Structure formats: C-alpha cells, structure tokens
Amino acid sequence: MRLLTHNMLSSTIKGVSNGFPLTIEAAKVVEKQVDMNSDFLKNIFSKIEWKPFVEAAKTLGFSELPEEDVQPSLLDSHEFLTKFHHALLEIHLEEGALVCPETGRKFPVNKGIPNMLLLEDEV
Amino acid sequence: MWYMCVFFHRLLDYRKPEVEALAQLFGAFADDNNGDSHSVQWKLPDNFHPDNPFHFVNIPSEDIARDIAKRSILVKGMYEIWGEGTSYEQLEEAVNAYPEERKLPYLTSENTFKINIDSFGKTFTTQEQKELLKRLAFIPFKGRVNLRNPDHNFWFIEIDKYEANNGLPPIVEKRIFFGREVGAADRKLLPTYQLKSRVYIGPTAMDAEMAFLMANQGLAAPGKLVYDPFVGTGSVLVAAAHFGALTMGADIDIRVVRDGRGPDRNVWSNFKQYGLQEPISLLRADNNLPPWRAGLKEVFDAIICDPPYGVRAGGRKSGGRKLLKGVVGPYTVPDDKREGHIPSTAAYSLVECVHDLLDLAAKMLVMGGRLVYFYPVLREEDSPDPTFPEHPCFKLVAVSEQILSFRYSRVLLTMVKVATYTEEIAESARVMHLDFKANHLKWLEEGNLHSAVFAPNKEGENVDLRFSKDSKPKYRGKYV
C-alpha cells in the first residue's frame with residue numbers, strides 16, 4: 001500500500017463519524033520504484049490531505065517532507081517533487097495494519113493489499 | 001482535412017467511437033470544454049453501406065490522424081486520398097488533378113516507397129496485382145521500391161460491386177481509390193498481450209483486444225490515474241498501464257487480488273510479465289461501501305471496468321446473513337473470532353451495482369473524466385431499444401454493442417463527467433442506497449439476468465423460429 005492510497009482511505013464502520021486518517025502499524029516496509037510523472041504529481045497535489053500524509057511518511061521512516069506552509073508553488077521545485085513522488089508512490093507498506101482512529105479496529109495489510117472489507121456487525 | 005479511415009472488419013460498433021475517443025485524446029478539438037458537444041465528422045464513399053470498412057473522417061491535422069491510427073486497435077490505416085473514381089480513367093484524372101505540392105514531396109528520388117493493393121470481399125491473384133500496378137504508371141514515382149521498410153506506403157484500393165452476400169452489406173458500384181498512408185494500427189500488441197500466454201487469468205478476464213478498446217475509450221495516458229473497482233486479475237488495468245496510465249484496483253474477493261495462484265502468479269505478476277508499471281494500489285473493498293474518506297473527490301481520470309452482472313460471475317456485497325434472512329439485528333461476531341473472520345456476503349443486483357458505480361464515478365472522477373463500463377442487454381422478444389443508465393453528472397458519448405449469445409449482448413458505455421457532484425445528488429444516492437438495503441430481495445429479482453439468459457425455451461415455441469428471429473435486420477459482423 002502506497003501513501004497515496006493511505007491518504008484516500010478511511011474507516012467506514014457504521015457509527016464512526018471520522019475514520020480518517022487511519023493510523024499505520026508497520027511490520028514490513030519496502031521501496032518500489034515508480035517512474036516520476038510531474039503532471040500527475042501536480043494534479044494530485046491539491047487532493048492530498050497534507051498533515052496526515054506527512055505523519056504517515058514519518059511512521060514509515062521518511063521525514064524529509066515539509067510539514068507546514070505547503071504552497072502549490074513548491075511544485076516548481078524539482079527537489080520537492082522528487083521527495084513528494086518518493087513519499088507518495090514509492091514507499092510501500094507490505095505487511096502491517098491500518099487502525100481506525102475511533103474504534104481501534106485493525107484493517108490488516110498483507111502482501112501490500114489493505115483489506116477494507118467490514119464484518120457483518122460493522123456494516 | 002478529410003482522410004480515408006479503413007477499419008479492420010470486426011467489432012463494427014466499436015470502430016468509430018474508438019477514433020472519436022482518440023481524436024479527443026490527441027487534441028483534435030481545440031477549445032476543450034470537458035469533452036462537451038465534440039464530435040468527429042464522418043462521411044461514407046458514395047453508395048457504401050455504413051458497416052463497410054471504408055470511411056472518410058475529418059481530422060484537423062496529419063499528425064493527429066497518424067497518432068490516432070497508431071494507437072488504435074481497429075483502424076487498419078488512415079490514408080490521404082489522392083484520387084478516386086468508378087473507373088481507372090476517372091482515377092487517373094482525379095490523381096492528376098490533385099495538388100502537386102501534396103504529391104511531389106513523397107515522390108522524390110530520396111524516398112523509398114511501396115504500393116499496397118487492398119480490396120474488400122475479394123482477393124487478387126499475383127497476375128491481377130501486376131496488371132493493377134501497371135495502371136499506376138502515370139504517377140511519376142522517382143524513388144526506389146522498398147517492400148520491407150518503405151518511407152511511404154501507398155494504397156491502391158479497388159472495391160467491386162456485389163450483391164449482399166453471406167451477411168456482408170452490398171456494394172452498389174465499383175469504386176477505386178489511391179492514397180498515401182498516414183498511419184496504421186499496431187496489431188502486434190494483441191499477440192503480445194493475448195490471454196492464453198498471460199500468467200494469471202480468471203474466468204472473466206477481459207480479452208486483450210477489448211481491454212485495449214476500453215482503455216482507449218477511457219483515454220488512458222501517462223500522468224492519468226485509472227481505477228477499476230472490479231479489478232479481478234487486472235486485465236483491464238494491464239491495458240491502461242500499457243498506455244502509460246497509473247492504475248488502481250479494488251475487488252471484494254481477497255483471494256484474487258492478494259493471493260492469486262502463488263508468488264509469481266498474481267495480479268502484480270501480470271504487470272511484471274509485460275514490463276509495465278505495477279498498479280499504484282490494489283485493495284480489497286466493497287463497491288457497495290467504498291472505503292474512501294469523506295472529503296475525497298475528483299481524483300480519478302477514468303474508471304474503467306466490467307461490472308459483475310450475474311451471467312458469468314455474480315456480484316457480491318457486504319452484509320450477507322442479515323439481508324438474506326431478513327433478520328433485524330445483524331450477526332455479531334464474537335470477540336475471540338474477529339481475527340481472521342470471513343464476513344458473509346450477499347448477492348449484488350445489477351441495478352444496485354450500476355447505481356453504486358455511477359455514484360462513485362460522479363464523485364471520484366475529475367471533470368471531463370470518463371466512466372467506461374459494460375452493461376448487459378437482453379435481446380429476447382420484440383424488446384424495444386434498450387435504455388441505458390443515466391446520471392445528472394454524466395453525458396453518454398459512446399454505445400458499442402457486442403453480441404454474446406442469442407439472448408443477450410453486452411454494450412460498452414462511455415460516459416463523460418460534465419457536471420460537479422452536488423449535495424443533492426449525494427443525498428438522493430444515499431436514499432437510494434438505503435432503499436436497496438431495505439428491499440434487497442425485490443431488487444435482486446428484478447435484476448436477475450442469469451435466469452433470463454439461461455432459462456429454457458418457452459414451451460411450444462418453434463426452435464427454427466428462434467433462429468430466424470435472431471437475425472436482426474442490422475448486420476453486425478460475424479465476430480463477437
């Protein structure tokens with residue numbers, strides 16, 4: 001699971017009012033190379049919830065992202081784009097779990113695939 | 001400028017929409033306002049049937065025409081026609097009258113060339129081909145012939161008149177064309193990606209040709225994000241990734257997305273096999289209860305999928321036992337069994353599935369983004385023209401039918417997002433979602449395609465009559 005995915009997912013358990021962001025429990029993190037496409041990064045930038053993104057990157061051991069005052073003008077900097085690209089698409093949670101911030105329910109991540117399916121009594 | 005667009009004679013309903021989608025992708029429409037009110041102009045040669053492979057299409061530039069032809073799956077070639085006529089004399093006259101400055105640059109001594117002969121519904125012997133080539137002696141070719149790798153390909157197309165034959169549409173009058181090739185499709189893609197040599201496939205894996213057509217309808221390209229909510233073995237995303245798009249997929253069946261058939265035989269390995277960028281994300285999720293965070297919208301450039309409509313594979317959604325038994329309280333999973341518990345699922349009716357898909361797409365697609373999906377249509381009885389799902393955020397831009405059996409066909413629908421997802425639309429979708437939940441069995445019966453497709457023949461009905469009824473007036477080609 002890439003951090004782009006993490007930034008999009010939330011816990012949708014019945015009764016949970018704010019299931020985002022999910023806390024990451026990392027057991028195995030790998031890096032997988034992805035070709036950089038600056039147009040894609042520029043498009044997706046405005047869709048990212050920045051604070052949870054920075055936190056998630058830190059949890060997985062990457063702390064080179066600016067924490068505050070991120071303006072779209074940063075996208076003109078190649079250095080920023082490279083870091084953004086790396087954090088967003090190349091860090092990959094292979095084994096671990098995503099934890100619902102309200103209920104503590106764990107969504108397991110095995111072989112890089114988050115299992116977001118709810119149990120019968122959570123629907 | 002008008003070009004002759006020659007198609008491969010298959011998947012007839014898919015041919016023009018593919019060219020139109022690619023025209024959009026390569027910028028044939030200058031003032032791009034969300035794919036709205038754009039259309040490509042088409043023209044038929046005199047007296048030709050619309051299903052024949054020869055069409056004229058108006059494309060703003062040669063570069064765009066070349067790009068369209070190269071990327072397409074069903075375009076055999078785009079030609080700049082130098083002349084046409086009903087006899088060789090007329091052809092010669094027309095070619096001589098064609099502006100010199102459009103011809104001479106391709107006839108110089110530095111250029112190598114090849115003349116190809118094409119027809120439709122007939123073949124030429126070598127002797128006949130030689131005769132035909134001699135008739136072109138009036139064109140002042142200065143360059144050398146190169147049959148393997150010429151700088152310029154020319155096409156000499158002769159179509160004889162013939163009556164309707166074996167379902168082929170009739171051609172009323174003999175017609176001859178001569179033109180220069182601007183671009184042609186790369187059909188080598190298809191053997192490379194054919195399913196029989198793919199490592200991991202499932203019973204409903206999409207065949208390579210159709211998957212590429214779907215990716216073209218979805219305008220898959222580098223820098224774009226394509227999502228498939230029913231990813232299965234990833235056959236649709238493989239095509240999108242081939243065109244450089246980043247991909248994401250979800251499926252409710254974890255065995256398919258996570259495990260596959262071993263470490264080197266799963267969805268990831270299908271991408272590795274072709275040296276493609278693997279999906280950015282694969283996850284297990286239910287299309288009925290998508291796991292996206294509340295504020296998230298307009299992230300995908302295209303949603304391309306083949307929803308499970310219950311004929312070859314039935315859809316499933318969360319909430320099984322409760323819905324099936326009509327119990328008021330849900331089944332509560334005991335605490336000691338929560339880990340590793342496999343939640344039961346319930347059948348997912350086509351109506352609800354399509355409703356969820358449109359709602360998801362309306363919310364998650366960028367403006368101008370495309371939803372491309374298959375929709376089943378029953379061909380039984382004297383049913384009127386089918387109606388397709390509608391949504392206030394979408395405009396339907398292409399409808400392509402592929403007949404699968406006597407009883408049903410599938411239709412590839414391409415919808416473009418033209419309006420933003422508002423609070424009111426979200427609210428009415430929520431109400432509908434609850435209605436589906438409350439009246440689960442009723443909806444399930446209404447959308448039961450499986451029994452309609454596989455029901456036995458009605459008693460007393462003549463089987464021969466059934467066959468004759470099948471041959472609908474519109475000819476659609478023998479390939480399905």
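K111(A) is partly exposed, with 16 other C-beta atoms within 10 Å; a residue is called buried if 20 or more other C-beta atoms, placed from the backbone, lie within 10 Å of its own, exposed if 12 or fewer, and partly exposed in between. The model is predicted, so that local features require pLDDT of at least 70 and side-chain atom pairs count only at pLDDT 80 or more, while totals for chains, interfaces and linings use all residues. Residues are numbered from 1 along each chain as its sequence is written, and chains are lettered from A and ligands numbered from 1 in the order in which they are written.

K111(A) has a positive phi of about 50 degrees although it is not a glycine. This residue lies in the loop between strand 3 (106-110) and strand 4 of chain A, where helices (H or I, at least four residues) and strands (E, at least two) are DSSP runs numbered from the N terminus. In chain B, E298(B) also has a positive phi, near 50 degrees. E298(B) is found in the loop between strand 10 (281-284) and strand 11 (300-305) of chain B, and is partly exposed, with 17 other C-beta atoms within 10 Å. Most residues other than glycine have a negative phi, and most peptide bonds are trans. The peptide bond from F20(A) to P21(A) is cis, with omega near -5 degrees; P21(A) is placed in the loop between helix 1 and strand 1 (23-31) of chain A.

Between the chains, 28 residues of chain A are in contact with 36 residues of chain B, contact being C-beta atoms, placed from the backbone, within 7 Å. Helix 1 (3-8), helix 2 (38-45) and strand 4 (113-114) of chain A each give two or more residues to the side that touches chain B. The largest share of that side, three residues, comes from helix 1 of chain A.

Within chain B, the buried residues of helix 2 (residues 62-71) are I64(B), A65(B), D67(B), I68(B), A69(B) and R71(B). Their cover includes strand 1 (2-7), helix 1 (12-25), strand 4 (75-85), strand 7 (175-183) and helix 7 (208-217) of chain B. The axes of helix 1 and helix 2 of chain B come within 9 Å and cross at roughly 125 degrees; axes are lines fitted to C-alpha atoms, for helices over the stretch in contact, with angles running from 0 to 180 degrees between N-to-C directions. Helix 1 of chain B is therefore oblique to helix 2 of chain B, as angles under 35 degrees count as roughly parallel, over 145 as roughly antiparallel, 65 to 115 as roughly perpendicular and the rest as oblique. The contact is made by V19(B), L22(B) and A23(B) of helix 1 and I64(B), I68(B) and R71(B) of helix 2 of chain B.

Definitions and conventions
Two residues are in contact if their C-beta atoms, placed from the backbone, lie within 7 Å.
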